[in-house]
Amino acid sequence: MSTLEVSPDEPLSGQSGHSVVNDFSIQVATVNGSGSQTANSVLMRAIFQMGVPVSGKNMFPSNIAGLPTWFTIRASRHGYIGRRKEIDFLVAMNPETAREDVMNLESGAAVVYDEPLKLSELRSDVYFYPVPFDKLVAPVCPEAKLRKLVRNMIYDGVVAQLLAVEMDEVHKALVKQFGKRKAKAAELNWGACKAGFDYAARSFTKSDPYRVARMNATAGKIIVDGNSACALGAMFAGVTVVTWYPITPSSSLVESLIGYMKRFRHDPETGKATYAIVQAEDELASIGMALGAGWAGARSMTATAGPGISLMSEFVGLGYYAEIPAVIFNVERVGPSTGLPTRTQQGDLLSTALLSHGDTKHPMFFPSSCEECFSMAIDAFDFAERFQTPVFVMTDLDLGMNNWMADPFPYPEKPIRRGKVLTAEDLDKIGGFARYKDVDGDGVGYRTLPGTNHPAASYFTRGSGHNEKAQYTEREDDYIHNMDRLAHKFEAMRRHVPEPVVRMAEKARIGFVALGTSDYAVRESCDQLKSEYDIDASYLRLRAYPFTDRLQDFIRRHERVYVVDQNRDAQLLGLMRLEFDADLIARLRSLRYYGGLPLDARTVTDEVLKQEGK
Amino acid sequence: MSSTVTPPPRKMNRLGLEVLQYKGSKTTLCAGCGHNSVSERIVECFYELGVNPYTVAKFSGIGCSSKSPAYFLGLSHGFNSVHGRMPSIATGALLANATLLGIGVTGDGDTASIGIGQFMHLVRRNLPMIYVIENNGVYGLTKGQFSATADVGSTLKTGVHNELPPFDCCALALKWGATFVARSFSGDKRQLQAILKAAIAHHGLSVIDVISPCVTFNDHEGSTKSYAYMKEHEEVLQELDFVPAFEDITVEIPEGEVLDVQMHDGSHLRIRKLHRDFNPTDRLATLAALEDAEAKEEVLTGVLYVNTSKPTFLELLNLGDAPIATLPESKVRPPKAALDEAMDELR
Ligand SMILES: Cc1ncc(C[n+]2csc(CCOP(=O)(O)OP(=O)(O)O)c2C)c(N)n1
Ligand code: SF4
Ligand SMILES: [Mg+2]
């Protein structure tokens, strides 16, 4: 029997033979707390294992259970793993959103849905596949209590059947997901999955065009979230003191780190920990502890999001002025205030760059992929100690909490460098030192650590005015001299931050400047502009603040440069305005998105066309 | 004639250091400020006990009191941080290097007003360090406003009355986890010395609330933190004697009268009860005594609580002996096999 419910007056072009292979997105609409996360991961992984580039994005509410969540899997044979706005294949499990979800689809999309929801009456221009989930789950899950969780696995089977996802791969993904310790749960879920598959095979005639076919584009790759990648980077950077206060979306960065450190950072001989991780009472304390530890010579870090960044403001100014290394991961979410805690944004660029009162500015690193989360986390620790200052690694909820394909991370080649620290032996040789004296011309003084057994080692650290010898001073000349040295140090950083990645398009009159997760949308948009409108666009992806000369060069070489901001107030463009002259600023255009979802290529393309008057 | 006089032998402690080497830069606080006396006691105690100044780290927040770490132990590293948040700086530093001997100096505003949160969490963690509150009931540095330790009914020089009840930092500390709690008076040299020495020997958090009058803003009639008020209202609980580990003690201690507390480093604190029946190992009784004293407008001074067996925060972390801050790369960067293992799991 065919259950494709299409009203006869608006026939679909189904079964017409045209098919869409490995280039569509699947959205699963459920309520959170229903255990759908597992089913979604398994489905994503199975497609990944078939060699097809995928990305998974979880759009979840800020509560624990009962509110709508959407999980989107994008399969792209071209390797586009940014968000795609259009949904091609919907799995509608949530009665509350099902109608709206269906109404939002483009014509020609497909819907798997829970039969009692009766969605097929809503539209005649999409393909419907009703599934009686409750009926199917009962025989495969005798224990009524567990049915709510196991039920979701049925749609994996249904979708696998409809999209030709190989069941062997689904099984492999499922076993991996549950691990050896939960073999029984895996068994139960596999039963449900098969029930879904069999039902679909029995009941449906495939009429939508979407299909997965084996490729070879993911061999050797891993699937990981940015927070875990940052955590691994921190561990291999040799972090020793980690302080934190839970906040979405940064909590899982430290939670993942805790897991890794327990496994890999205990002395194999003594069993002793080579690190300390402390859950502080708030972010005032977590940054204070990180700075105290950095002052005493530890590689220290904390991780937080906007509200925590705001609380850290005063201490970060102390870190800047007293020149104390620390690494702060800012996994950005939507502000202001509590904002949308589970949505993504690049809304802290300005506030973080200039965090704290007085003349302060801080280096920021902008990873855009999990590979860079790992490598830049390592670089950030070196940088913080080299320049004796707090360094921010800026990621966002999209990068931090979503699952991404990545190449396996390379083992760090460079040895750990701890910056200018004088030991008792050094002091024996040179006799003494002045903490804030610019001996080497890079603005960075030499420091000693408390506990150094030498009469010349001590100095007094303070956030009040100080001279080269770290003595209290309110003198105008001392103050200016010190502030100028700090400015000089910031200039020196400019020569050592990660350089941008530049893609010049020949003959291009326009260019993009973007950072972080905007990368995926901008790269895809460049291709859209070329293939659909024959517009050439160059692209510079920033990897750090302060900016380097390459940014200015890039702007000069284009008539108009679109600065992509995932915030309302064009914060990245604002940072450029602070230091560029009028001629450069005149070439800049602002391209903004701030709705809280990961930026998608179509939004970028449409906005460029609008501003270009096309 | 002068040629025949040999200079007197220089006085040195057991490390061969002179008292001068335990001093800091010249104080910039007001003459007569109680905080200066506390700095002097700190210098004497560290000198007399022969503490290696290179192993000491000094911490403070912001306030007149918090300036004072610049005025003692000039050979030790110091960190004058931000208002009310010295505990987190000290915590981080001691995590990094658990071999440091930490001493924090703070004010009543720094601790009981803006810093009450960090103070309570420091207490809860029983972080091994000395935490001295120089308590004058006002914000000295901002010119004399009430702090949260001001007593009900006390007045400012301007005549303003305080109507809110004070935080008793000792009561808070002993209720929530500090393992050595004492109150003293900056004018009582002997008592403060014994308490500071015991705190140096103690393994755990020592909270010492020192009534330390602000001669400029809170030493008038109507203040309950003035020299005159203390003269009238101080109730000294015990006579204290500190016997360092490096001094032999063989003297018999009479049963009952004297409580002999053996400190972590083998030194002894001898607590001789004065007229009151008071047991500094009984937390609840001490809390009751503090309540009682407050009602009677008495200021109890002496050792209020001592517990030498509770583990410290650092002990709970399972760290090795060497400071984690300076472990070599081979200890803090796991081998390639670890990365390979992590990557395999993600495939
Ligand atoms: C965040 C912040 N708020 C306010 C101040 C201003 N301030 C400096 S010291 C101080 C109070 C100090 O009082 P206390 O800790 O009792 O020290 P005292 O001067 O009495 O020794 C205040 C409010 C500050 N430095 N920082
Ligand atoms: S103002 Fe008060 S607290 Fe400050 S130094 Fe003078 S006497 Fe001491
Ligand atoms: Mg005060």
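Predicted model: local features only at pLDDT ≥ 70, side-chain atom pairs only at ≥ 80, totals over all residues.

Reader: Okay, and how far is the polar side-chain atom of B:Ser65 from an oxygen atom of ligand 1?

Author: That one is 2.7 Å. B:His35 also has a polar side-chain atom facing an oxygen of ligand 1, at 2.9 Å.

Reader: How much of ligand 1's accessible area does the protein cover?

Author: On its own, ligand 1 has 590 Å² of accessible area, and the protein covers 77% of that.

Reader: Which elements give two or more residues to the shell around ligand 1?

Author: They belong to chain B: helix H2 (64–67), helix H4 (108–113) and strand S5 (138–139). H4(B) gives the largest share, with 3 residues.

Reader: And which residues come nearest to ligand 1?

Author: Out of 19 residues around ligand 1, the nearest are B:Cys64, B:Ser65, B:Gly109, B:Asp110 and B:Gly140. As for where ligand 1 sits, you'll find it between chains A and B.

Reader: Which residues are around ligand 2, then?

Author: B:Leu29, B:Cys30, B:Cys33, B:His35, B:Cys64, B:Asn136, B:Cys214, B:Val215, B:Thr216 and B:Phe217.

Reader: Switching to the metal. What coordinates the magnesium ion?

Author: The magnesium ion is ligand 3, and its donors come from B:Asp108 (OD), B:Asn136 (OD1) and B:Val138 (O), at 2.1 Å. Along the chain, those donors follow the spacing D-x27-N-x1-V.

Reader: Is B:Asn136 buried or exposed?

Author: Buried: its relative accessibility is 3%, and anything under 20% counts as buried. B:Val138 is buried too, at 2%.

Reader: What about B:Asn36, where is that?

Author: B:Asn36 is in helix H1 of chain B, which covers residues 34–48. B:Asn36 is buried, with a relative accessible area of 13%. Its side chain makes a polar contact of 2.8 Å with the side chain of B:Thr27.

Reader: Which residues of helix H5 of chain B are buried?

Author: H5(B) runs over residues 116–125, and the buried ones are B:Gln118, B:Phe119, B:Met120, B:Leu122, B:Val123 and B:Arg125. After H5(B) comes B:Asn126, with a positive phi near 50 degrees.

Reader: Now strands. How do S11 and S12 of chain B run?

Author: Antiparallel, with 5 bridges joining S11(B) (residues 258–262) to S12(B) (residues 268–273). B:Asp260 faces B:Arg270 across that pair. The two strands make a hairpin with 5 residues between them, and B:Gly266 in the turn has a positive phi of about 95 degrees.

Reader: Let's do chain A. Why is strand S3 of chain A called largely enclosed?

Author: Because 5 of the 6 residues of S3(A) are buried, the rest of the structure largely encloses the strand. A:Lys57 is in S3(A), which spans residues 54–59, and A:Lys57 is buried with a relative accessible area of 8%.

Reader: What does S3(A) pair with?

Author: S3(A) is joined by 6 bridges to strand S4 of chain A (residues 68–76), and the two run antiparallel. A:Ser55 stands opposite A:Arg74 in S4(A).

Reader: What's the strand order in the open sheet of 7 strands in chain A?

Author: S11-S10-S12-S13-S15-S14-S21, with mixed pairing. S11(A) (276–279) and S21(A) (544–545) stand at the edges with a single partner strand each, so one side of each has no neighbour in the sheet.

Reader: And how do S10 and S12 of chain A pair?

Author: In the parallel sense, over 4 bridges, with S10(A) covering residues 241–244 and S12(A) residues 300–304. A:Val242 has A:Met301 in S12(A) as its bridge partner.

Note on methods
Residues numbered from 1 in each chain as written. Chains lettered and ligands numbered in written order. Heavy atoms only, no water. Donors = N, O, S within 2.8 Å, 3.2 Å for Na, K, Ca; no water. Buried < 20%, exposed > 50% of the residue type's maximum accessible area, 1.4 Å probe, protein only. Near = heavy atom within 4 Å. Polar contact = N/O pair within 3.5 Å; in protein donor to acceptor, adjacent residues only side chain to side chain. Areas by Shrake-Rupley, 256 points an atom, 1.4 Å probe, with all protein chains shown as cover. Pairing = 2+ DSSP bridges.
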